[in-house]
Amino acid sequence: MIHLSSVTKWYHNQVRVLDQVNLDLKKGEFIYVIGGSGAGKTSLLRILATEEAPSQGSISLFGYNLATVSPSTLRAIRQSVGYVPQNVRLIPDLSVFDNVALSLSLAGHRSIRGEAKTRIEEVLGRLHLVQKRDKLANTLSGGEAQRVAIARALVRQPQLIIGDEPTGAQDKENTWSMMDLLMKNNINGATCVIATHDREIVRRVRKRCAVLTAGRLGFEEAMCTY
Amino acid sequence: MYVLKLALRPWRLSTLSQIFSSVAVGFLMLLAGFLIWLQAGLNPIVHRLQREQVITAFIDASVEAKDESRILDSIREQVGAHPTSDAMPGASTDVKLVAPAEFIKDLDAQYPELSKEIQSMGSEMDQIVPRYVSVSGLLPDSAADAIKGIPGIQIVDSSKDRHKTIVGALKAVKWVTQILIIGLAVALMTGLVQLARLNSALHRDALGMMRQWGATQLQLRLPGLFSGMSVGLTGGALAAVGWFFGVTWFAIHVRAFSPLLAGLQMPSAMMSVSFMFAGAAIGLMASVFGFTSETRG
Ligand SMILES: Nc1ncnc2c1ncn2[C@@H]1O[C@H](COP(=O)(O)OP(=O)(O)O)[C@@H](O)[C@H]1O
Ligand SMILES: [Mg+2]
């Protein structure tokens with residue numbers, strides 16, 4: 001499913017943000033990427049989400065080497081990914097509903113109009129966003145915007161979920177309903193890569209974890225004790 | 001389609017730029033429309049001026065009255081022997097002898113005193129009052145020379161040389177008009193391409209996200225194409241309204257400048273519709289050229 005070998009990343013030929021990272025993930029696995037601020041979590045997830053290419057090393061997703069993949073296959077891969085970027089990146093002048101609907105409409109699988117609407121509303125409901133349905137994205141609070149970003153990623157029922165500190169701006173209640181939603185997707189077969197530095201989540205929802213320290217993937221555990 | 005909802009973003013995010021551009025597009029298109037009309041309308045006028053001439057052939061005083069009809073016939077033969085293939089249908093060549101009596105009558109209308117004085121001269125009058133043949137119509141270039149060769153013809157005067165200056169002037173106007181039309185088209189395109197680039201930059205966040213979601217090249221381009229088209233269409237609509245209400249006024253004024261320009265055809269109000277299509281097409285084309293995306297594909 002995911003295979004990283006000796007992935008190294010540096011910006012502007014300066015310091016190494018990622019250093020010889022190796023990682024293997026099977027379909028349906030759930031992994032935390034843990035590390036302090038500046039450890040390189042976001043850089044790693046951006047590479048996994050095909051937003052950036054590694055400076056060195058190779059990455060393959062769904063069995064395709066991203067360095068040699070054709071544009072149409074790359075599009076298909078991207079359509080199967082639900083990515084929650086750390087900086088959220090909603091389209092500010094579209095409504096919450098339209099932001100989510102745009103993501104769904106680009107996901108490739110044709111769906112009936114009414115069905116798509118039901119699915120969007122269901123996801124919004126689970127993330128306590130029903131009341132915000134028609135609000136413009138730029139009027140939302142940080143936490144609300146982050147939940148919309150999660151709805152936008154999950155509505156497409158992705159095979160790979162990449163979340164960059166998705167609970168970063170949430171209160172307790174929303175954090176747990178979000179984790180609940182992620183676990184449901186995971187049980188249904190979605191592979192999950194979640195970056196976080198929230199110890200409580202990691203302790204409560206025990207999963208495999210990888211710890212990043214200064215760009216190196218220090219140790220991996222089957223059950224996290226972070 | 002939610003992709004199309006993005007097409008109206010530039011109208012929300014930089015409304016003034018879109019409005020100014022639309023107005024500019026409308027104005028330039030309207031101007032170009034008028035110039036095209038003028039340019040096309042001048043064609044037949046110039047063509048006619050180039051072919052139409054009035055030749056005045058003065059008959060020698062020694063020619064006797066009984067020979068006049070013989071001269072008239074040879075002129076007809078000369079002119080008719082070279083029927084121009086591209087002569088305008090219905091434009092007949094007119095050959096007529098202006099006898100002294102007729103000349104006096106014409107003179108009488110304009111200068112009655114002079115006319116009376118000449119008439120009082122009696123038989124000597126024939127020595128002063130010219131007899132001439134007036135040939136008018138769409139004549140071949142060689143007509144004046146041919147008539148000159150007929151025995152009994154003293155002097156031949158053609159209006160062709162007098163028309164030369166005005167034909168030259170009209171040709172210059174046409175030429176300048178064509179350059180202006182090209183200039184307007186370039187200005188229109190440049191402005192719209194710039195706008196499309198600006199709009200692409202406005203869309204950059206959305207384009208980056210859409211690419212991340214696996215959008216196709218077409219889906220990435222659609223918002224920009226529709227934004228460009230909407231500006232072009234708005235401009236076209238403004239031009240259409242301007243044309244519909246302004247063109248008659250404009251044409252009447254241009255035609256009033258000179259009897260020559262009165263020959264310009266009245267422009268059709270239906271042209272308005274083509275402005276809309278042209279506007280949309282120009283907007284679309286400009287957005288194809290103006291599309292920029294800096295994020296990696
Ligand atoms: N686009 C960039 N250009 C230069 N340096 C960057 C860029 N993105 C991240 N970095 C640097 O890479 C390091 C790791 O950043 P990041 O991956 O965001 O860590 P984390 O998400 O774990 O906090 C930081 O020192 C950051 O300054
Ligand atoms: Mg980060």
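This is a predicted model: local features need pLDDT of at least 70, side-chain atom pairs count only at pLDDT 80 or more; totals for chains, interfaces and linings use all residues.
Contact between them involves 19 residues of domain 1 of chain A and 15 residues of domain 2 of chain A. About 1400 Å² is buried between the two domains of chain A, and 55% of this area lies on carbon and sulfur atoms. On the side of domain 1 of chain A, the greatest losses of area to domain 2 fall on Gln79(A), Pro158(A) and Leu181(A), which together account for 40% of what that side buries.

Within chain A, helix α3 (residues 96-105) packs against helix α4 (residues 113-126) at an angle of about 120°, the two axes being 10 Å apart. Because of this angle, α3(A) is classed as oblique to α4(A). The crossing of α3(A) and α4(A) is right-handed. From α3(A), the residues Val96(A), Phe97(A), Val100(A), Ala101(A) and Leu104(A) take part in the contact, and they meet Ala116(A), Lys117(A), Arg119(A), Ile120(A), Glu121(A) and Leu124(A) of α4(A). By class, the residues of this contact between α3(A) and α4(A) comprise eight nonpolar and three charged, with no polar residues.

For chain B, the assignment likewise gives two domains: domain 1 covers residues 2-47 and 165-296, and domain 2 covers residues 61-151. The centres of domain 1 of chain B and domain 2 of chain B, taken over C-alpha atoms, are separated by 55 Å.

Two helix pairs of chain B were examined. In one of them, helix α3 (residues 15-51) of chain B and helix α9 (residues 160-202) of chain B have axes that come within 9 Å and cross at roughly 160°. This angle therefore makes α3(B) roughly antiparallel to α9(B). The crossing of α3(B) and α9(B) is left-handed. In the contact of α3(B) with α9(B), 24 residues are nonpolar, 10 are polar and three are charged.

The other pair consists of helix α11 (residues 217-256) of chain B and helix α12 (residues 271-290) of chain B, which pack at an angle of about 155° with their axes 7 Å apart. Since angles over 145 degrees count as roughly antiparallel, α11(B) is therefore roughly antiparallel to α12(B). The crossing of α11(B) and α12(B) is right-handed. The contact of α11(B) with α12(B) has 14 nonpolar residues, eight polar residues and one charged residue.

Definitions and conventions. Residues are numbered from 1 along each chain as its sequence is written. Chains are lettered from A and ligands numbered from 1 in the order in which they are written. Side-chain values use heavy atoms; hydrogens and water are left out. Axes are lines fitted to C-alpha atoms, for helices over the stretch in contact, and angles run from 0 to 180 degrees between N-to-C directions. Helices (H or I, at least four residues) and strands (E, at least two) are DSSP runs, numbered from the N terminus. Angles under 35 degrees count as roughly parallel, over 145 as roughly antiparallel, 65 to 115 as roughly perpendicular and the rest as oblique. A crossing is left-handed if the near helix is turned anticlockwise from the far one by less than a right angle, and right-handed if clockwise. Ala, Val, Leu, Ile, Met, Phe, Trp, Tyr, Cys and Pro count as nonpolar, Asp, Glu, Lys and Arg as charged, and the others, Gly among them, as polar. Contact means heavy atoms within 4.5 Å. Buried area is the accessible area (1.4 Å probe) that two parts lose on being put together, summed over both. Domain bounds come from an automatic or database domain assignment.
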